[in-house]
Structures are given as C-alpha cells and as structure tokens.
Amino acid sequence: MLNTEEHYEVWEENWESLMMFLRIQTQWNVAMAGFVGLRYEVLFGANGLMRLYDIENPRDLLEDIQVMEAEALKELNKREK
C-alpha cells in the first residue's frame, strides 16, 4: 500500500498565516480564464475572519497570504490549461 500522506514543517512565525490561508482556501474568484485570486472581503468584511480571529497585525498576515495566493494561482491555473 502506497503512503500518500506528506508532512511539512511550518515555522512558528508562519503558522497563523498558513492557518488563515487554509480557512479561506474555498474563497477563490474564478473567471473564464481560470482562477483570479482570493476574495479579500472574507478577511476584511464587517464579520471577516481578521476580526473573528482577533488578528493583531492584519497587514502582515495579508502580505503572507498574498505570497501563498500568488504561488497557488500559478499551480491552479497550470491545471486548468
């Protein structure tokens, strides 16, 4: 039986950003050309996740998420072609 489970190390200072990215992983804007980007209103709206999780530095967290988003977009749009 093939073990397909993979494990990755996440540095402690990146944990909060990764968890937030995983929380919004279903919130992609999609157009006919493929995936466009994440719906940031989920993070920053009146009842957004930044407020719900009481994020101390939303700017830093957003910048981290944008790095992950950019890499994810490359992979997601590769699959669509």
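Is Asp54 buried or exposed? Asp54 is exposed, with a relative accessible area of 63%. That value comes from a predicted model, as do the others below. Asp54 sits in a loop, between helix 3 (49-52) and helix 4 (58-80). Its backbone also deserves a look. Asp54 is not a glycine, yet its phi is positive, at about 50 degrees.

Now step back to the whole chain. It has 81 residues, and 27% of them count as buried. Its secondary structure comes to 4 helices and 2 strands. Read along the sequence, the order is α-β-β-α-α-α. The C-alpha atoms fill a box of roughly 40 × 35 × 20 Å, taken along the principal axes.

The strands come next. Strand 1 covers residues 28-31 and strand 2 covers residues 34-38. They pair in the antiparallel sense, over 4 bridges. A hairpin of 2 residues joins strand 1 to strand 2. Two of the bridge partners can be named. Trp28 is partnered with Leu38 in strand 2. Val30 is partnered with Phe35, also in strand 2. In a regular strand, side chains alternate between the two faces of the sheet.

How many aromatic pairs does the structure hold? It holds 1. Trp28 and Phe35 form that pair, with 6.0 Å from centre to centre and 85 degrees between the planes. The pair is edge-to-face because its planes are over 60 degrees apart. Trp28 has a relative accessible area of 16%, so it counts as buried, the cut-off being under 20%. Phe35 stands at 22%, so it counts as partly exposed.

Strand 2 also holds Gly37. Is Gly37 buried or exposed? At 6% relative accessibility, Gly37 counts as buried. Its position can be set against a residue much further along the sequence. Gly37 and Ala72 are 35 residues apart in sequence, and their C-alpha atoms are 9.2 Å apart in space. Gly34 and Arg79 are 45 residues apart in sequence and 9.4 Å apart in space, C-alpha to C-alpha. Arg79 is found in helix 4. There, Arg79 is exposed, with a relative accessible area of 64%.

Stay with helix 4 for a contrast. Leu73 lies in helix 4 as well. Leu73 is buried, with a relative accessible area of 16%. Leu73 and Leu62 are 11 residues apart in sequence, and their C-alpha atoms are 16 Å apart in space. Leu62 can also be set against Met50. Those two residues are 12 apart along the chain, with C-alpha atoms separated by 9.4 Å. Met50 is found in helix 3. At 7% relative accessibility, Met50 counts as buried.

One feature remains: the empty space. Rolling a probe the size of a water molecule over the atoms shows where such space is left. What is the volume of the largest pocket? It is about 200 Å³. Which residues line the largest pocket? The lining is made of Tyr8, Glu9, Val10, Leu18 and Leu22. By class, the lining divides into 4 nonpolar residues, no polar residues and 1 charged residue. Glu9 is the charged one, because Glu counts as charged, whereas Tyr, Val and Leu count as nonpolar.

Technical notes. Residues are numbered from 1 along each chain as its sequence is written. This is a predicted model: local features need pLDDT of at least 70, side-chain atom pairs count only at pLDDT 80 or more; totals for chains, interfaces and linings use all residues. Side-chain values use heavy atoms; hydrogens and water are left out. Rings of Phe, Tyr and Trp (its six-membered ring) pair if their centres lie within 6.5 Å; planes under 30 degrees apart count as stacked, over 60 as edge-to-face and the rest as tilted. Buried means under 20% relative accessible area, exposed over 50%, partly exposed in between (1.4 Å probe, protein chains only). Two strands pair if DSSP finds at least two bridges between them. On a 1 Å grid over the protein atoms alone, a cavity is a set of points where a 1.4 Å probe fits but cannot get out, and a pocket is an open set with protein on both sides within 12 Å along at least five of seven lines; lining residues have an atom within 4 Å of a point. Grid points are joined across faces, edges and corners, and a volume is the space filled by probe spheres set on the points.
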